[in-house]
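Please work through the following exercises with the sequence and the model side by side, and try each task before reading its solution.

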Amino acid sequence: MSLTDPILVEVLRGDSVECVHRGAAVVCDAAGRVVFSVGDIEQAIYPRSAIKALQALPLVESGAADRYGFGHAELALACSSHSGEPRHAETAAAMLAKAGLTEATLECGAHWPSGASATQGLARSGGKPSALHNNCSGKHSGFVCFACHEGIDPAGYVGIDHKVQRFVAEAVGEVTGHRLDRETAFGIDGCSIPTFAVPLKKLAHGFAKLATGEGVGPERAKAFARLRAACAAEPFMVAGSGRFCTDVMGLFGERVFVKTGAEGVFCAALPGQGLGVALKCLDGASRASEVMMATLIAKLVPMDEAERAKFQRFVTPVMKNWNGITVGGLRPTFS
């Protein structure tokens, strides 16, 4: 990203601009044509958790999901960055159990649930955080179940040279049209798996393929449709209570697939419009990346008056202090 990227979101206190957020965003169709862009869309960025639906492809395409009887809840969790609420952790544990595994197999690390109520409940019960509460435990459970189905030893599955990660990188590379290997800029994600830098434009193109199933072959198109349907049916599993991704997909169902990633990244698939969206807030602020994504959804997705009224809180969220007094808000500066 570049410091020359335009200001896309302003933060108001009272009537005055107190803070600004720069960024870039791009919308593509399944042929790779750019429908809308702002900022530097060619520079490669780490998509982080925004591409979990692409990383879940081997789980579905290999037959592992069918072998272990995974339904909407499990597949949505495989695409998730969840809040560590009880149902999230329980579903991850159940996924592992179906493959004869336990949480000890997970290599994502343990942390307290990111959801405050879930953390409080776990602490009150005398429990301790485990890898199941890690926001990426669903993705990792999918990885190790895929490994078991393929007869691959899951030990060390987070490594860049492990067979699991090679399958995942190949799938993501094919969808985005961007080669992912040691020759590509890469780093280590928060959950320890490799994360590869991909240009925003190619991410948007990949998500247009996710939206339409075009340009990927019939089996991958079926896998994409299955993952979209799972997340639409179980939006809670993708994020959690009060979270942007859960609330937006709960409102629109299969009309919108949206997924956040760390450091201000967001991607979306809009099946009805045949479009994919990718964006990055330069300073990594999720409050701004949510406004950026909401602004694009509001422009691109037809809504009735009731839907638009419900959705407006994401486009221009209000800020309140601890006494519940409205002190300001956020607003987009682009259309």
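Rings of Phe, Tyr and Trp (its six-membered ring) pair if their centres lie within 6.5 Å, and planes under 30 degrees apart count as stacked, over 60 as edge-to-face and the rest as tilted. Keep in mind throughout that this is a predicted model.

**Exercise 1. Aromatic rings**

Task: Find which residues form one aromatic cluster with F244, and classify the pair of F244 and F266 and the pair of F311 and F314 by their geometry.

Solution. Step 1: A pair of aromatic rings is described by the distance of the centres and the angle of the planes. By the rule stated above, the structure has 10 aromatic pairs.

Step 1: For F244 and F266 the ring centres are 5.2 Å apart and the planes stand at 65 degrees, so this pair is edge-to-face. The two partners come from distant parts of the chain, since F244 belongs to helix α12 whereas F266 belongs to strand β9 (residues 265–270), and 22 residues separate them. F244 counts as buried because its relative accessibility is 5%, and F266 is buried as well, with a relative accessible area of 0%.

Step 2: F311 and F314 are paired with 5.5 Å from centre to centre and 50 degrees between the planes, and this pair is tilted. Both residues sit in helix α14, three residues apart, which is about one turn of the helix. F311 has a relative accessibility of 1% and therefore counts as buried, while F314, at 9%, also counts as buried.

Step 3: The cluster as a whole consists of F244, F252, F266, F311 and F314.

**Exercise 2. Salt bridges across the chain**

Task: How many salt bridges does the structure hold, and which parts of the chain are linked by the pairs of K201 with E42, D247 with R313 and R255 with E307?

Solution. Step 1: The total is 15 salt bridges, where a side-chain nitrogen of Lys or Arg has to lie within 4 Å of a carboxyl oxygen of Asp or Glu.

Step 1: K201 and E42 form a salt bridge through their side chains, with 3.9 Å from N to O. K201 lies in helix α9 (residues 200–212) and E42 in the loop between β3 (34–38) and β4 (44–45), so that distant parts of the chain, 159 residues apart, are linked. K201 is partly exposed, its relative accessible area being 28%.

Step 2: In the salt bridge between D247 and R313 the closest N and O atoms are 3.4 Å apart. Because D247 lies in helix α12 (residues 244–252) and R313 in helix α14 (residues 305–315), the pair ties together parts that are 66 residues apart in sequence. D247 is partly exposed, with a relative accessible area of 24%.

Step 3: R255 and E307 meet at 2.7 Å, N to O. Here R255 is found in the loop between α12 and β8 (257–261) and E307 in helix α14, 52 residues apart, and the pair again links distant parts of the chain. R255 is partly exposed at a relative accessible area of 32%, whereas E307 is buried at 14%.

Step 4: There is also a network, in which salt bridges with shared partners join E61, E174 and R220.

Terms used
Residues numbered from 1 in each chain as written. Predicted model: local features only at pLDDT ≥ 70, side-chain atom pairs only at ≥ 80, totals over all residues. Heavy atoms only, no water. Helix = DSSP H or I, 4+ residues; strand = E, 2+ residues; numbered from the N terminus. Buried < 20%, exposed > 50% of the residue type's maximum accessible area, 1.4 Å probe, protein only.
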